[in-house]
Structures are given as structure tokens and as C-alpha cells.
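Biologist: I have a new model open and would like to walk through it. Can you take my questions one at a time?

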Amino acid sequence: MLMLMPSAVQRLLPVALLLVAMSSIQSGASIAQQLFPLVGASGATSIRLFLAAIVMLVLFRPWRQPVTPRAWKAIAVYGVAMGMMNFLLYQALVTVPLGIAVALEFTGPLAVAVFTSRRPRDLAWVALAVVGLAILLWPDKNLEHGIDLRGALCALGAGVCWALYILFGRRAGSGNGTQSAALGITIAAIAIVPIGVMEAGTALLSPVVLSVGLVVGLLSTALPYTLEMFSLSRMPTHMFGTLMSLEPALGALSGLVFLGQQLSVLQWLAIGTIIAASMGTTLTSRSAEPAPGG
């Protein structure tokens, strides 16, 4: 029994940290919407990434270790994908409810799970997640006028970036770990901050914006992306992608708690279905499969 404990901990720890990361991201996204009236969605994205990058650089000092040219390529794509993912999601949140936006964005990791799967039972869990998403997106009285097209397209674009984030984040983190996360967030900030500055200008320097932005940066960027980088390099890509099916559920719950967005019975059913799919892929994964990058 004692011989089995290290293996069990090694297998479950990345899963637990990934759940913490996803909860943190969705809570931060809810809080970030307080900044929209002050600096717009672009400004909120920029201040979040900028402050998170500063925190990550101070904590991890990624310049202390050399990075190979091959790793730099993966980190660069990972960072730009991270920045665009955040930027497009916040653009979507202007007109689309949080739970719905995250559900649309989830098409990215779901596609990763489908195209990297090698076993029929993995596809069965993905199919169950798709059922949950279909229920979650089912029109109700709160969406009687339909989902805003521009917001939906932004959320789907964020999904494409999310897929790239998973694939290149796994490569970037396999040999560099938190160093890659710090460098990736810095690259994301360099790519997105100029857009926010053009939209919001000096309003970004408001004490209220800076304080809320720091909280959002820690909750939505610094903490979760560090934890996700750890998880990405220690579990199969298809397992990571399917576990991310919890994101729409956590987004809907965060919308309820922080924004008062009510959920219908069918939407709660969708949450249960998505959680079941995530638990299924975790419990049925092969214990003998080596952890990538471990």
C-alpha cells in the first residue's frame, strides 16, 4: 500500500492543482467585469496581464536559467496564444454571459481532447461533455433574443487560442516549468498591453483600476497559469483537455455567485453532466501511462 501512495499522489496532484487553477480563473473573470465600465474590456485585459507579468517576473526570475531556441519558439506561441485568449474572452464578456462565453470557448480544449485521443472510452467521455455543453447552451428566457454574434465569435476565437495554449504550453513547460509560465505571461502582456493603452489611456493608472487589476491578475493569470503549467507537463494532453470541460460549469457558478446570473434546471443538469465527464476521464485513465515531462 505504501508503495502505491507516491504513484497515486503523483497522478492526482496535477488534477487537484488544475481544479484550483480553473476555479481561480473563473472567479477572476467575474471580478474583472467590474473594470469594464472604467477601462473597457481591452483595458481590463491589459492591466491584468501587465500586473501578473510583474508578479511572475519578481517571483520566478526566469532570466536565471538559459532557454534553448527551440523552447523559445514554443514559449512565444504559448504567450501570444495566452494573451489573445484572454483578450478575446473579455471582448465576449461584454455581451455574452460568463457561463455561455466559457462554454463556447471550451470548443478549443474539447477539440484537443478529440484529436489527441487514442481510445474509444476517451471519446465516450468527450461525447458526454458535448451533451453537457449542448444543454448548457440551450436557449432559455434569459437568452430569448439569442447570443450576440460578435461576442460568440470572440468566444470561439478564444477557444482556438485556448487549443494553441494547451498544445504549445505542454511543449514549453516540459523542460522549463514555471520559467515558461513567467516568460509566457510576459510575452502575453507585451502583445496585449498596447491595445489596452490605446483604448483606456491614463485611466489604467487609477488606484481603483490598479488594485482590482492586481487581484484579477493574481486570480486569473499568475496563480492559475503557474498551476496549469505544472499540470500540463505531468498529464496526457487528451486528459488535460477533457478535464477542462469543468470550465463552463465553473464559469456558470462564478457568474451566479459574483454576478447574480441565474441558472435554469437544464443548465444545472449540464453542470452535473460535464463534471461526470471530467471525473470519468480522470478515474479511467491508465495508471501505467508515464507522466509527460516527469
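Modeller: Let's start with Gln26, which lies in helix H1, residues 5-32. Keep in mind that this is a predicted model.

Biologist: Is Gln26 buried or exposed?

Modeller: Gln26 counts as buried because its relative accessibility is 2%, and the cut-off for buried is under 20%.

Biologist: Which residues does Gln26 touch, leaving out those up to four places away in sequence?

Modeller: Gln26 touches Leu98, Val102, Glu247, Leu250, Gly251 and Ser254. Two of those names come back in helix H4, residues 98-105, where Leu98 and Val102 are among the buried residues.

Biologist: How many residues of H4 are buried?

Modeller: Eight of its eight residues are buried, so H4 is mostly covered. The list runs Leu98, Gly99, Ile100, Ala101, Val102, Ala103, Leu104 and Glu105.

Biologist: Let's go back to H1. Which residues does Phe258 touch, again not counting those up to four places away?

Modeller: Phe258 touches Ser27, Ser30 and Ile31. Phe258 itself lies in helix H11, residues 246-259.

Biologist: Is Phe258 buried, partly exposed or exposed?

Modeller: Phe258 counts as partly exposed because its relative accessibility is 43%.

Biologist: Let's zoom out. How many helices and strands does the chain have?

Modeller: The secondary structure comes to twelve helices and zero strands. Read along the sequence, the pattern is α-α-α-α-α-α-α-α-α-α-α-α.

Biologist: What share of the residues is buried?

Modeller: Of the 294 residues of the chain, 54% count as buried. As for contacts between residues at least 6 apart in sequence, 90% of them join residues at least 24 apart.

Biologist: Now the database. Which residues does UniProt list as "transmembrane region"?

Modeller: The UniProt entry is unreviewed, and it lists residues 38-60, 72-90, 96-115, 122-138, 150-168, 180-198 and 204-227.

Biologist: What does the model show over residues 72-90?

Modeller: Residues 72-90 are 100% helix and 0% strand, and the end C-alpha atoms of that span are 27 Å apart. Residues 180-198 are also 100% helix and 0% strand, and there the end C-alpha atoms lie 28 Å apart.

Biologist: Next topic, packing. How are two packed helices described?

Modeller: By the angle between their axes and the distance between the axes. Take H2 and H3: the angle is about 165° and the axes are 9 Å apart. That makes H2 roughly antiparallel to H3, because angles over 145 degrees count that way. The crossing of H2 and H3 is right-handed.

Biologist: Which residues meet there?

Modeller: From H2, Phe36, Ala41, Ser42, Ala44, Thr45, Arg48 and Leu49 meet Gly83, Asn86, Phe87, Tyr90, Gln91 and Leu93 of H3. In that contact of H2 with H3, seven residues are nonpolar, five polar and one charged.

Biologist: What about helix H2 and H9?

Modeller: The axes of H2, residues 36-60, and H9 come within 7 Å and cross at roughly 60°. H2 and H9 are therefore oblique to each other. Their contact has 17 nonpolar residues, five polar and one charged.

Biologist: And H3 with H9, at what angle do they pack?

Modeller: Helix H3, residues 69-93, and helix H9, residues 207-232, pack at about 140°, with their axes 14 Å apart. H3 and H9 are therefore oblique to each other as well, and their crossing is right-handed.

Biologist: Which residues of H3 take part?

Modeller: Tyr78, Met82, Met85, Asn86 and Tyr90 in H3 meet Val216, Ser220, Tyr225 and Met229 in H9. The contact of H3 with H9 has seven nonpolar residues, two polar and no charged.

Definitions and conventions:
Residues numbered from 1 in each chain as written. Predicted model: local features only at pLDDT ≥ 70, side-chain atom pairs only at ≥ 80, totals over all residues. Heavy atoms only, no water. Helix = DSSP H or I, 4+ residues; strand = E, 2+ residues; numbered from the N terminus. Buried < 20%, exposed > 50% of the residue type's maximum accessible area, 1.4 Å probe, protein only. Contact = heavy atoms within 4.5 Å. UniProt positions renumbered as here; feature names shortened; annotations may be inferred. Axes fitted to C-alpha atoms, helices over the stretch in contact; angles between N-to-C directions. Parallel < 35°, antiparallel > 145°, perpendicular 65-115°, else oblique. Left-handed = near helix turned anticlockwise from the far one by under 90°. Nonpolar A, V, L, I, M, F, W, Y, C, P; charged D, E, K, R; others polar.
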